[in-house]
Amino acid sequence: ETAAALGGHVGGVTAVSPSPNGQAGSGGAFFTGDGAGTVRAWDWRRAGGGAVASARGHVGSVTAVTSLHSSRADVAASAGVDGVVRVLSLDGADGGGIKL
C-alpha cells in the first residue's frame, strides 16, 4: 500500500535521505534529488501535497542529498554528476544565498 506519491520529479528519483531523527521543524522531513538536478524537501505527513521547499542545484542528476540542520527543512547539501557538492538554500530557485 502506498502512503503517498511524490510528484514533480524529472528523470526519476536519484537520491533520498531522511533529516536527522526524521524531523525538521515541527514535522518529519526527508529530502530527494532527481535527474534534472533538483533537490526537494518533503514533510512525510503531507507528501501528497507537494514539496515544502526545493532548489535546482546541479546540471544533471543529483547523486546524494542530506540535511545540514536538524530544525530546518530548507537547507541541504547535495552532490551531482556534474562533480559539484553544494550547500543549498531550498528557495525555489538556484539554491543561492545560504546562511548557516
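Student: Leaving aside its neighbours within four places in sequence, which residues is S78 in contact with?

Tutor: Quick ground rules: this is a predicted model, where local features need pLDDT of at least 70, side-chain atom pairs count only at pLDDT 80 or more, and totals for chains, interfaces and linings use all residues. Residues are numbered from 1 along each chain as its sequence is written, and side-chain values use heavy atoms, with hydrogens and water left out.

Beyond those sequence neighbours, S78 is in contact (heavy atoms within 4.5 Å) with V39, H58, V62, A64, V65, V84, V85, R86 and L88. With H58 there's a polar contact, side chain to side chain, at 2.7 Å (a pair of N or O atoms within 3.5 Å; within protein, one must be able to donate a hydrogen and the other to accept it, and residues adjacent in sequence count only if both atoms are side-chain atoms). S78 has a relative accessible area of 2%, so it's buried (under 20%, with a 1.4 Å probe and protein chains only).

S78 sits in strand β6, residues 75–80 (strands are DSSP runs of E, at least two residues, numbered from the N terminus). That strand belongs to an open three-stranded sheet, ordered β5-β6-β7 with antiparallel pairing (strands pair if DSSP finds at least two bridges between them). β5 (62–67) and β7 (85–89) are at the edges with a single partner strand each, so one side of each has no neighbour in the sheet. Between β6 and β7 there are five bridges, and A76 stands opposite L88 in β7.

Terms used. Helices (H or I, at least four residues) and strands (E, at least two) are DSSP runs, numbered from the N terminus. Buried means under 20% relative accessible area, exposed over 50%, partly exposed in between (1.4 Å probe, protein chains only).
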